[in-house]
Amino acid sequence: MTMKRNGKSPVSSDSDEKVVFFNDVSLGPRESQLRFRLIHFWEARNPVKKTVIGLEMLLIDEQGTVVQGFIPPGRIKKFLPDMKRGSVYKLINFYGSKNKPMYRVSDHVATISFTWNSELIRLHDIPIHFDEDRFRFHSYEDFKANCDLRGDLYDVLGHMKLVNGQTLTERPTLDELEIATTRHVLVHVQSHDGPVMKLYLWDQAATEFCQKFKTFENTPTVILVTTVNPKRTLALTSMSSTRVFMDNDVQPTIEYFTWLGCNPDTANQVSAEVVTKRETLSIADIFSYIKQDSAKDAFFECTATIDDVVHGSAWYYIACSGCHSTKGPTSMVCTNTKCEKVNTTGVAQYRAKISVYDYSEQAVFVLLGDAGRSLTGKHASELLSSYFEANGDKGAEDEVPVPESLISIIGQTHRFCVKVTDHNFSGNTRAITVTKVLSQDIPPHTEASVGNNNAASPKVMMLTRDEVSEPSKSRGDCANEESKRGYDTADPEKAKRPRCEN
């Protein structure tokens with residue numbers, strides 16, 4: 001017996017005994033019975049307000065067909081207490097809603113939605129066989145072709161090369177406090193003999209990875225991560241639906257682990273240097289990445305030609321000799337609580353803006369520290385000393401003009417290591433920080449060279465979250481970002497003669 005939704009009169013139905021398979025499910029309300037194993041369930045949240053918009057599920061029937069399930073937020077309390085991953089259930093009455101086009105986790109056209117009259121019953125000791133799980137693996141080329149399309153979320157299987165930058169030669173040390181703070185783990189994964197991919201595990205997936213990793217007596221090598229999202233920078237990032245498996249957890253990892261044991265040379269095929277190299281992007285690609293809602297701190301390489309040095313603003317700053325954080329033109333009191341240097345002195349560091357361009361776009365780069373010295377061949381303090389020696393009548397409050405050594409770099413083409421940060425994503429500035437200059441006088445791009453670069457397939461996949469980031473952790477990087485923030489968000493003070501004090 002079932003009740004009409006208005007509750008006024010009962011209607012009899014023999015549909016309670018009619019069991020349908022997932023392949024027979026069509027769109028619309030159904031007074032039918034489903035039998036399935038509950039593979040996984042997770043909260044779906046509004047990406048902006050972070051509020052729960054429902055409970056999503058992955059279900060598999062006795063024919064091995066997988067569909068996505070959904071429980072609206074108002075019905076979660078009714079069904080959640082009886083839900084257990086891996087258990088078998090029957091569901092009476094449901095609605096076949098159209099499978100969502102974004103972030104799909106199954107191929108089926110329909111989603112099983114729980115309705116006002118749905119009844120979920122857990123089954124025990126049933127003779128019918130249900131598969132434990134079902135995965136959807138895709139190639140590197142498929143991931144690359146689907147970057148930022150927000151379409152299907154596929155699974156990735158491979159062997160780990162690095163865990164948070166540590167090789168597996170010696171068991172990596174996982175700092176749970178640090179991971180809880182950064183909210184992610186970065187794993188470099190290689191599938192068979194394919195390219196190495198950067199895989200970012202966020203929040204619950206990062207926690208699950210740490211817990212599993214530490215339970216293994218021997219260092220685990222094989223990893224399977226479900227429902228990953230390929231991002232524009234060719235990186236894979238976990239989602240709220242993501243699960244993590246290792247070595248002997250499930251059949252695919254067992255088979256891969258066996259294959260890896262028969263091909264020991266594969267594990268040593270790619271060096272750490274190749275794995276960790278930055279991806280090369282054009283200026284236009286970098287700006288496009290910055291505009292993404294999910295963009296996080298990231299590092300890139302970019303080949304560009306210097307068009308000009310920006311005048312009318314300070315080209316250096318006075319830094320603490322210990323941590324290199326900004327101190328301003330006169331103040332020498334280090335406010336960085338992490339600075340371990342007791343007696344600090346003032347040291348001039350580069351913070352010069354240069355206008356650059358490539359075949360795609362123009363930009364302003366900010367040269368910090370050693371990046372400036374790489375271009376001029378001289379320390380900022382050396383250039384300041386030369387200026388004041390030649391202008392003995394100048395005082396500490398006088399403006400120091402841009403030196404000839406910086407002006408002389410105009411017209412040169414270089415490979416720049418750059419980083420983009422929250423400061424860029426907030427829209428406060430389009431200026432991009434240069435962390436390193438790799439080489440000098442590279443021939444500028446031509447149409448032919450651009451075509452060749454576009455045709456080349458990168459061997460490393462970078463990643464972001466849906467969420468990807470590769471946050472800087474060193475004091476020097478933090479100091480550089482602090483100095484850039486002060487340089488870009490306010491009218492810079494005129495450069496002053498440094499004072500060196502204890």
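This is a predicted model: local features need pLDDT of at least 70, side-chain atom pairs count only at pLDDT 80 or more; totals for chains, interfaces and linings use all residues.
Me: What makes up the secondary structure of the protein chain?
Reply: The chain has 13 helices and 23 strands. Both are DSSP runs numbered from the N terminus: helices are H or I with at least four residues, and strands are E with at least two.

Me: Why is Glu 301 called buried?
Reply: Buried means under 20% relative accessible area, exposed over 50%, and partly exposed in between (1.4 Å probe, protein chains only). Glu 301 has a relative accessible area of 13% and is therefore buried. Of the 502 residues in the protein chain, 49% are buried.

Me: What makes the contact between Arg 415 and Glu 301 a salt bridge?
Reply: The term requires a side-chain nitrogen of Lys or Arg within 4 Å of a carboxyl oxygen of Asp or Glu. The closest N and O atoms of Arg 415 and Glu 301 are 3.3 Å apart, so the pair qualifies. This pair links distant parts of the chain, with Arg 415 in strand β21 (residues 413-420) and Glu 301 in strand β17, 114 residues apart. Arg 415 has a relative accessible area of 30% and is partly exposed.

Me: How do you know that Asp 107 and Arg 136 form a salt bridge, and which parts does the pair tie together?
Reply: The closest N and O atoms of Asp 107 and Arg 136 are 2.4 Å apart, and the pair therefore meets the criterion. Asp 107 lies in the loop between β6 (88-98) and β7 (110-113), and Arg 136 in the loop between β8 (119-123) and α2 (140-145), so the pair ties together parts that are 29 residues apart in sequence. Asp 107 counts as exposed at 54% relative accessibility, whereas Arg 136 counts as buried at 13%. Salt bridges that share partners join Arg 104, Asp 107, Arg 136 and Asp 152 into one network.

Me: Why are β19 and β20 called paired strands?
Reply: Two strands pair if DSSP finds at least two bridges between them. Strand β19 (residues 346-357) is joined to strand β20 (residues 362-368) by 7 bridges, so the two are paired, and they run antiparallel. A hairpin of 4 residues connects β19 to β20, and Arg 351 stands opposite Leu 368 in β20. Strand β17 (residues 298-309) also runs antiparallel to β19, with 4 bridges. Within β19, 10 of its 12 residues are buried.

Me: Why are the buried residues of α5 said to line one face?
Reply: The buried residues of α5 are Pro 252, Thr 253, Tyr 256 and Leu 260. Seen down the helix axis, they fall within an arc of 90 degrees, so they line one face of α5; the arc is that of the directions from the axis to the C-beta atoms. These residues pack against β9 (154-163), β11 (184-190), β13 (222-230) and β15 (244-246), where contact means heavy atoms within 4.5 Å. On the other side of α5, Gly 261 and Cys 262 are exposed.

Technical notes:
Residues are numbered from 1 along each chain as its sequence is written. Side-chain values use heavy atoms; hydrogens and water are left out.
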